[in-house]
Amino acid sequence: MSEMYTAIDLGTTNSVIAYANIVRDKMKPVVLNLERKNDTGSTSRAPLLPSVVFYYKNQEGKIVTDVGDYAKSRYGTRAGYVCKSVKSLMGVSDQVNLADEIPDKTPADVSARILSYMINVAKKRLFQEEIRDVVITVPASFDSDQCQATIDAAKKAGINVENMHEILLYEPKAVIYDFMRMQEDGEIPSDLLSLDTEKNVMVFDLGGGTLDVTLHRVSSTPEGLIDIRDLAISRYTLLGGDNFDELLAEDMLKRFQEMYEIVVPTKRREEVMCKLRKLAEELKVKISMAYDDADMSGVQLPDDYSEEVMDINLYDAYSFETTYTKAEMESIIAPLMGYTYKMEDVGRIQKMDERDVNNIIYPILDVLDKAGKGVKIDAVILNGGMTKCYLIRQRLKEFFGFEPLATSDPDLAVARGAVYYHYCLHKYHVQRIGEENNGNRTLTATAESVNNPAPENRETKIPVFHTGTILNDSINLGLRNEYVSLLIPAGTELPYRSEEIRDCYKLDKTTDAIGIELYLGRGTTKNLPNRRIATRVVKFQNPYPANTPISFQIYINSMRMMTMEAWITDRPKTKTIMEMDMTSLKTTARSARGISAIGKMKLNAKSELNGLKLLAEKNERLGFKLNGEVKKALEAIGQASNPEDFFEPCMDLINSCNQADLMVGYVYAIGTLLRDGWTQSQKRTILQRAKQHFNPYATAIKQSSYVLRNALEMIAVMDPNFVDFYVDYITKMPGEAEYQKLAIFQFMLRYEKDDAKVANFFERFFRMSDMNKWVANLMIQRYGRGAEKEHQQKFAKFVKNLSAGLRTKERELVQDYAVLVIAELCSRNKENPLQNDKYTIKPVWQAVKTYLAGDERTDFVSAVEKIWNDEELNEREIQATSAIFKEG
């Protein structure tokens, strides 16, 4: 026998194997009828093999398996010994619900049993010693861990996974290959989908357990080859015929329990549901067949058309017999049909939540959104056993406005198309491509490889058979709390290697390790519709401080297997390479700690404020040991790129608190940080609330100094006339409000731009006892040696008043602050107008000299003198002045 091309459609409900070889220069795929034990235990043949494995002991007591119809009939009767729908667990779970004595522990183990069974039957039927070169189809929405699990299963089944070509093919592509091949061979009308011009073709593949919706640009190359380019792939997979059966079976169970006024106990429920699911599937098929028969006769099947459902021993000798009308069935499964959605809803898909996902239309909207505005759908090809149901065809015709195209047998099309693909891989010598080609496979085609041969023995580099794909959904990096940051957008051609991702992320604390989490989806948080697909911990040899920049680089191959590199920016020797094969996902807790974004990002206002409130309550319970964390949380909110979203939740929070609650102070701090993003009306509203803390009635009530301080600061940054408010308050200030007074001096220095107003305020209200390191620092920063001296003269009276406080006999820390401030303000700089005021400089300098006389701190004394003379300080003098501020 000549070279054979083999492919397996490894399905959730059923699996199919097909093959082809060249007969008279013609390649035609053939689906193999597989032998298996049927429901009664006898042998039968059929193309569809139920993807169910039954484990039992043989006469020697060894665990053996049966695959197919008989195994399916055992489901529900032998708990822990039958596994079905294992495809839905591939790459999602690392275990299967089987008895401990069963040697197969993972979904890949069980899938390997199905693959092995099919290959062994094929070898026997086709007289082959071995079949190791096989293409296996997977949903286009499979991510890397699901693809990896499928490859693992293939390897366990003896398939050559290290083949020269990729062994996996996405199912929708297989559907298109089969459809176009059938047109070319005359098996279906040749004008159903003409490729005279490039076409945008959507594949809607609804099987037993998965729904694949994809959009492709399909054309014909000059050599007559089918060229399929992916445009968009839906992320949503876990919807299939099983879901429809489940809804019907749930309704049947309800009828059954009401019929006999009993309740099936929990431990027996699954046994009963297994029988009802089978009845539900039969009901669905019968009504669909009746609809098609009526349609063929030009008759509309009436809504009251009914079919009987019966089981003579459903549960403990109770029989079950009822009827369902067409209308009743349609009503029960209506939640999965997405009847409320129209084409226009593409624009609002970003705002949909998880409740909107579980229907057949959402994945279509997802694909249309990813493809972008203005993409015209030229054709929709239906595939998958569930598309035989008339309701699916009706709904899609209603949604798109035209009749979808159906494959001749939706259960077999994938396997046949995969055989054609396998044939092309060999004919055009397609090999695994390196990352350097970045998705565009440029292959070596010999003279026999194309319809228009090149001269003999001459090889020509031409793009012959495109097998690249795209990223089906965006990949995001998990950040602090619930947030993610986009790394790679959906639609990126694979394989893909990113540039170095620099200046985007940093450590948010001192650490020698960072936790990396990756999320798949379009969302901006870690919640649905995003889902976590990988987690890793990167350890460095040494700890690095908070705010240290970190960099990443990512490589993804055509099967979405990802490699990620992470390192401390500018320290390439710290680079760590991670194979993101997702295997640790199931056993590792969330670990995205230590990474934050550089710059602003959109935050969920309500979530942030709720989290801050919980943290504040915990901080209070622990005796304020978490002040650092509270500060970081406030700083993070201050980096929000959507400050407008925070105003209303902030006001709601204030209105729910007492005026002394610390949370009110946190809200005022947020207002200070986000003020530029709030309207004038919003600012007036919160200012009115903040000023209420300082009216006579409020001051009679015990209040938090922290709340008052933050209120005063917010008033300073929002109210253009805040100085008038400060003057009024400070003149009426109660004696115990010294903390607020000191805060006011700091805010005057920080926020009032008019130097005359600052000088006048300090002349009127500032006393030596008010001096502290914060006021001193701010005064030096604003009016010291490094500042402009234009308005220094305005502080002549303030300097005189301050120097008078140096004449006390006992030296105190406040005086050290004061003498440094005086020296900075009066420094002998030619641009300093104070130096020309002899009536000020002379007595002030005398007061400074008197204060320093006899001081044994020689470095401090010389530092003050040098500052006065505007000279550079040495290291010891710098340390001496710094020590003064550290003491406070």
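The following dialogue reads selected features of a predicted model.

User: Which conventions apply to this model, and how are residues numbered?

Analyst: Residues are numbered from 1 along each chain as its sequence is written.

User: How is a pair of aromatic rings described?

Analyst: The description rests on the distance of the centres and the angle of the planes. Here, rings of Phe, Tyr and Trp (its six-membered ring) pair if their centres lie within 6.5 Å; planes under 30 degrees apart are stacked, over 60 edge-to-face, and the rest tilted.

User: Why is the pair of F747 and Y751 tilted?

Analyst: Their ring centres are 6.2 Å apart and their planes lie at 40°, so the pair counts as tilted. Helices (H or I, at least four residues) and strands (E, at least two) are DSSP runs, numbered from the N terminus. An α-helix has 3.6 residues a turn, so residues three or four places apart point the same way. Both F747 and Y751 belong to helix α19 (residues 738–751), where they are four residues apart, about one turn of the helix. F747 is buried at 0% relative accessibility, and Y751 is partly exposed at 23%.

User: Which residues form an aromatic cluster?

Analyst: One cluster is made up of F745, F761, F762, F765, F766, Y783, F795 and F798.

User: Where does a charged side chain lie over the face of a ring?

Analyst: A charge sits over a ring if NZ of Lys or CZ of Arg is within 6 Å of the ring centre and within 35 degrees of the ring normal. K84 lies over the face of Y75, at 5.2 Å from the ring centre. R857 is placed over the face of F860, at 4.4 Å from the ring centre. F860 is also among the buried residues of helix α25 (residues 858–868), together with V861, S862, A863, V864, I867 and W868.

User: What is the order of strands in the open sheet of five strands?

Analyst: Two strands pair if DSSP finds at least two bridges between them. The order is β15-β14-β13-β18-β19, with mixed pairing. At the edges stand β15 (226–233) and β19 (405–406), each of which pairs on one side only. Strands β13 (residues 199–206) and β14 (residues 211–220) are antiparallel and share eight bridges. D205 stands opposite D212 in β14.

User: Where does the backbone take a positive phi or a cis peptide bond?

Analyst: Most residues other than glycine have a negative phi, and most peptide bonds are trans. L494 and P495 are joined by a cis peptide bond, with omega about 0°; P495 is found in the loop between β25 (493–494) and β26 (496–497). N547 has a positive phi near 75° and is in the loop between β29 (531–544) and β30 (549–556). F624 takes a positive phi of about 60° in the loop between α11 (605–621) and α12 (627–638), and at 38% relative accessibility F624 is partly exposed. Just after α25, D870 has a positive phi of about 60°.

User: Which residues does N832 touch?

Analyst: Contact means heavy atoms within 4.5 Å. Not counting residues up to four places away in sequence, N832 touches K789, Q792, L825, C826 and S827. N832 lies in the loop between α23 (813–825) and α24 (838–852) and is buried at 0% relative accessibility. The side chain of N832 reaches the backbone oxygen of S827 at 3.0 Å.

User: How many disulfides are there?

Analyst: A disulfide is a pair of cysteine sulfur atoms within 2.5 Å. The count is zero. For C83, the nearest cysteine sulfur is that of C274, 12 Å away; C83 is buried at 8% relative accessibility. The sulfur of C657 is 11 Å from the closest cysteine sulfur, in C650, which is too far for a bond. C657 is buried, at a relative accessible area of 12%.

Terms used
This is a predicted model: local features need pLDDT of at least 70, side-chain atom pairs count only at pLDDT 80 or more; totals for chains, interfaces and linings use all residues. Side-chain values use heavy atoms; hydrogens and water are left out. Buried means under 20% relative accessible area, exposed over 50%, partly exposed in between (1.4 Å probe, protein chains only). A polar contact is a pair of N or O atoms within 3.5 Å; within protein, one must be able to donate a hydrogen and the other to accept it, and residues adjacent in sequence count only if both atoms are side-chain atoms.
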